[in-house]
Amino acid sequence: MTSAQIDVLLVAVVVAASCAIPGTFLVLRRMAMMSDAISHTVLLGIVLAFFVVADLNSPILILGAALVGLLTVVLVEVVSRTGLVREDTAIGLVFPALFSIAVILISSLAGNVHLDSDAVLLGEIAFAPFNRFAPFGVDLGPIALWVMGAILLVNLAGTFLFFKELKLATFDPALAAALGFSPALVHYGLMAVVSVTAVGAFDAVGSILVVALMIGPPAAAYLLTDRLPRMLGLSVVIGAASAVGGYWLARLLDANIAGSMATVVGIAFILVLLLAPQRGLVATARRHRRQRWTFARQMLLIHLATHEGTPTEVDESRPDHMQRHMRWPPAFGNRVVQTATERGLIVLENDQLRLTPQGRQAAREAAVR
Amino acid sequence: MDVLSDLFLDYTLRTVALGSAALGIVSGALGAFAVLRRQALLGDAMSHAALPGVALAFLITGSRAPLVLMIGAALTGWLAAVAIVYIVRASRTNTDTAMALMLSVFFGAGLVVLTFIQRQPAAGKAGLDKFLFGQAAAMLESDVITMASVGAVGLLGVLVLWKEFKLLSFDPDFAATLGMPTRRLDMLLTSLLVIAIVVGLKTVGVVLMSAMVVAPGAAARQWTNRLGVMVTLSALFGAAAGVLGALLSTTAQTSTGPTIVLVATGLVVVSLLFAPTRGLVWTRMHAWRSQRILALEAVMSDLAALAAQHSSDATRPHDVAALHAVRGRALVDRALSELAADGLAQRHDGGGWSLTPRGLAEADRLARLRRAPSDFL
């Protein structure tokens, strides 16, 4: 690997990690689409801040973007609080409007500045290594790595310091308010973090990939665990793995890097959706099948136990009677009898199914339950 | 006036205006249902997800015919909608998360396919990047005809199944008890939303097309409580935003999509503020008027109560200091001067106030009107 490749991978992993942390809380709070809205509108903040400072590398741009990100949240709330439109409609009205203003402002600058709405949407992480951070002539690596590293540190520190508040405000906002934490403060704090992360990241990877990295890994992690710290950790790992995998996919296909990373995020989610040990579709299907057999076997045992020692026992315990009585298809009924026999729960004597002592015990337990 | 005369004489302008009108009518009418069914953000996800469809359709067929690209866009947009519904049903992922995920993943896949196209030497690749933000000026007559025909299919679908879609939008549970196949109808209406989105892709672009689905419906909702009127108004608003925005962008040389979206947003703001009965200005004025009338009635009943304590002379002047203390000086003074102007209260020499005989009668009438139902038991 060349040093430029290592730089790109480092930037990608740091971006993925810093996106996954606020993304986890967005997913849990059912506000995933706010990441889409904010990642579009921060462009307006960048443009407006650019009009003020006229320097594309100024940190003021990040501040402006964060402010417009918060403005988006406030506007959505103002519009939906009128009660005239629902919240999803409010989001769908506010962010295209702000984004449109940004696009029109940019096109009015066209040609004079390297600020292109396509580039903002799509990003070009391949250029990240060429923009170096070199104070006093000492090369310290790509600027993007420093910016995103700082944002990652802020996100990590914020999560550690306010973990209790975030957790409570996410899972039980009413209790949080009753205990004197302000859910609104947590809300706006989180939105500010989302805005700063989005603007830092989209310079490198584009706003759509910001959405993919913020939402995809936490959505996958949510299917893997019920514990918040573990979900945070898994999100970071899945995000970083998707970023690295996406990079190599892009090299393989010679395709857009951000697009490949988003695609791999999607593949990772589908894999988890299918294969998650507890909640995966495969595991669920297998559990359902197993439960179906267990239930059928228990019904057989209870049926035999009910008629044991009664005058009708001879009639009731013939194997073919089971199929009629339980309305089981013959093949299914035979399988049930066979597995029950294999487990030593019943024996076949003179065309009669008889409970073994273990079988009698199992029938009693199943009936009680 | 130049623009107006050009509109009828200039071929490009006429094409642009007609196309934008068709787009606005279709997205407005179908979008009205999306707004009612809380699918505003689904429209956003679907329009982003149309990008890989456009790119794949071009890559496979090599054709830039609008119908081919629209079919491709519709297929992936629809696939994204199905995936969202399926993921939500099959796992504990919530709708918001599924939408954001599919939006970004489909869009990312679209970028990957776009890079394949950009590597092709074919000259025909030019113009595909216009699908991001749209370009009305590039619209041809054949585009307009295709947009209008595809849109007409969508509108026809709504007309044929009007009753079913109406019930589905307002009371899906009741629709299910009537034996309507709600799941299939739901899928069908969502598929029609795809039509609304693909019709505008070339003019407005994938990024902003969702706004054209949401804004006209949200604006129209403020003016009426009837579905038929709302859908018609929504189509009109959509057409107005489309034509105005496209003409503005052509004369001011701005990107078409964002300009149309800003015009549509302007319509929403006007509607939110000024629509009768629902608009903010109207409700504020209504609240303000009710407050004033309540203050008048309160002060009248206070004065009547004071008068009742001195039955010998009902119009004897009273010191209003007590009223000031209880209800606030500004409110009481304003109410008193209005009552005096109406001849219901009078100010006596020495500063005291009382009701006039007419005021007493009015206070008595109000007291009987306002009596709580329990008083009659």
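I take two strands as paired if DSSP finds at least two bridges between them. The model I am reading is predicted.

**Entry 1: the hairpin in chain A**

I looked up strands β1 (residues 346-349) and β2 (residues 352-355) of chain A. Four bridges join β1(A) to β2(A), and the two run antiparallel. They form a hairpin. Two residues lie between the strands. One residue in the turn, A:Asn350, has a positive phi of about 50°. I also checked one bridge partner: A:Val347 goes with A:Arg354 in β2(A).

**Entry 2: the faces of β2(A)**

Which residues of β2(A) make up the covered face, and which the uncovered one? I found A:Leu353 and A:Leu355 on the covered face. A:Gln352 and A:Arg354 are on the uncovered face. In a regular strand, side chains alternate between the two faces of the sheet.

**Entry 3: where chain B touches chain A**

I turned to the contact between the chains. On chain B, 50 residues are in contact with 51 residues of chain A. Elements of chain B that give two or more residues to this side are α3 (40-61), α4 (66-90), α5 (95-119), α6 (130-133), α11 (209-221) and α13 (256-274). Which element gives the largest share? It is α5(B), with 16 residues. I then noted the make-up of this side of chain B: 30 nonpolar residues, 14 polar and six charged.

**Entry 4: the domains of chain B**

Last, I looked up the domain assignment of chain B. It gives domain 1 (2-272) and domain 2 (281-370). The C-alpha centres of these two domains of chain B lie 58 Å apart.

Terms used. Residues numbered from 1 in each chain as written. Chains lettered and ligands numbered in written order. Predicted model: local features only at pLDDT ≥ 70, side-chain atom pairs only at ≥ 80, totals over all residues. Contact = placed C-beta atoms within 7 Å. Nonpolar A, V, L, I, M, F, W, Y, C, P; charged D, E, K, R; others polar. Buried ≥ 20, exposed ≤ 12 C-beta atoms within 10 Å, placed from the backbone. Domains from an automatic or database assignment.
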